[in-house]
Amino acid sequence: MLYEINEKALKLESEGKKIIRLNLGDPDMATPPEIVEAAYASMKAGKTKYSSSYGELRLRQKIAEVHGVKAENVVITPGSKWAIFSTMFLMLKSGGNVIIPTPYWTAYDLIAKSFGAKVKLLRTEMENGWNVDLEKLEGLIDSETKMIILNNPNNPTSKVMDSKTLDGIVEIANKKGITILSDEVYGAIAFNKTKSILDYGTDSKHILSNGFSKTFTMTGWRIGYVVANKTLIDNITKLNQITFNNVPVFIQDAALKGLELHAQIASNIKAKYKARADIASQKLSAAGFKFTSPDAPFYVFPKRDGLDGTKFTLDLLDRGVAVAPGSSFGEYPEHFRISLTAPDDQIEEGLTKICEAPS
Ligand code: PMP
């Protein structure tokens, strides 16, 4: 439904209708100019050739420094989507199941199913602060379970997992010998302190996927990475060799510039999104929607009891606002997701229309 709504929004736009696009997590802001300049300088310096399928050593070293690991534990991928796909493919292609808490980013489920891995969904509820129930998690694990996927902060709820719950999940995974893949693509710009999977030791079998899309407004550049044990890094690299070979070196140089300016860039981006999240929270609360207040940028996932989220989303599109129905993230028909990734005035207008729409 997420992709259908997007196609419909594009079609309406092509017919001349004005659509306020609050349906995708693609920031309206431009990539910071220092990053663009770094790419241009790198291209002019001739960095336009094939290169290592591990990624450029300087970038891997910088990422390793950020996370307190060694460069041999880092591989560069085209977006964190490929980081997630390649990790799941390598770990699950020969069978087994993966546990995914919901609401979830749809791609995890679609990726698993694309090579026949079984998915076990672990439902969480807004009324319970979107917390994972540890007993339920333990009950879902069986002899075929190979992986648990965590998305912290979460898309679509923007919830940061509380550290006690994360401690509990890691303890269960360690006890049962199961690998956690932690997708922390929103972690560096969270409003609240987010504990990383790497805080549990860098010599464990758990895996971090991360990327530059959200922190540095680089969605279209396609660059991300995996931090993991050397064996998995070597295996992902082999997959890289037979597919895309390497992320263009000039894009890696640009990402390195982003990391060098990280503190400044991330704090600007965070401040901008915090202001948007505050306005959205205010308006949605006043209109009677229920939601957990966002701990991270980009998304709010409101609910209204009895709402038909799909109908609401389609009606709203006719009124010129695109959002994503809750059913795109699991069985959440009374919810919908708003992405605060449009210019401020459009967000305000979109929120007004959302709050006025009949449900
Ligand atoms: N993980 C999550 C939770 C996301 O929302 C997204 C993008 N929507 C990604 C990963 C992929 O991001 P990218 O491939 O651009 O790094």
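Predicted model: local features only at pLDDT ≥ 70, side-chain atom pairs only at ≥ 80, totals over all residues.
Residues are numbered from 1 along each chain as its sequence is written, and side-chain values use heavy atoms, with hydrogens and water left out.

Student: What separation lies between the centres of domain 1 and domain 2?

Tutor: The domain assignment, which is automatic or taken from a database, gives domain 1 as 2-25 + 264-356 and domain 2 as 35-262. Contact, meaning heavy atoms within 4.5 Å, links 30 residues of domain 1 with 32 residues of domain 2. Taken over C-alpha atoms, the separation of the two centres is 25 Å.

Student: Which helix gives the largest share of the shell around the ligand?

Tutor: The ligand is surrounded by 14 residues, where a residue is near if one of its heavy atoms lies within 4 Å. The shell divides into five nonpolar, five polar and four charged residues. Helices are DSSP runs of H or I with at least four residues, and strands are E runs of at least two, numbered from the N terminus. The largest share, four residues, comes from helix α4 (residues 79-92).

Student: How much of the accessible area of the ligand does the protein cover?

Tutor: A polar contact is a pair of N or O atoms within 3.5 Å, and a side-chain N or O atom of Ser 80 lies 2.7 Å from an oxygen atom of the ligand. Ligand oxygen atoms also lie 2.8 Å from a polar side-chain atom of Asn 155 and 2.7 Å from one of Tyr 186. Of the 400 Å² of accessible area that the ligand has on its own (Shrake-Rupley method, 1.4 Å probe), the protein covers 91%.

Student: Is Ser 209 buried or exposed?

Tutor: Ser 209 sits in strand β7, residues 207-211, and among the residues that Ser 209 touches, leaving out those up to four places away in sequence, are Ala 83, Asp 183 and Tyr 225. Buried means under 20% relative accessible area, exposed over 50%, and partly exposed in between, with a 1.4 Å probe and protein chains only. Because its relative accessibility is 0%, Ser 209 counts as buried.

Student: Which side chain is joined to that of Thr 31 by a polar contact of 3.1 Å?

Tutor: Thr 31 is in the loop between β1 (20-21) and α2 (33-44), and at 17% relative accessibility Thr 31 counts as buried. The side chain of Thr 31 reaches the backbone oxygen of Thr 217 at 2.7 Å. The side chain joined to that of Thr 31 at 3.1 Å belongs to Trp 221.

Conventions. Polar contact = N/O pair within 3.5 Å; in protein donor to acceptor, adjacent residues only side chain to side chain. Nonpolar A, V, L, I, M, F, W, Y, C, P; charged D, E, K, R; others polar.
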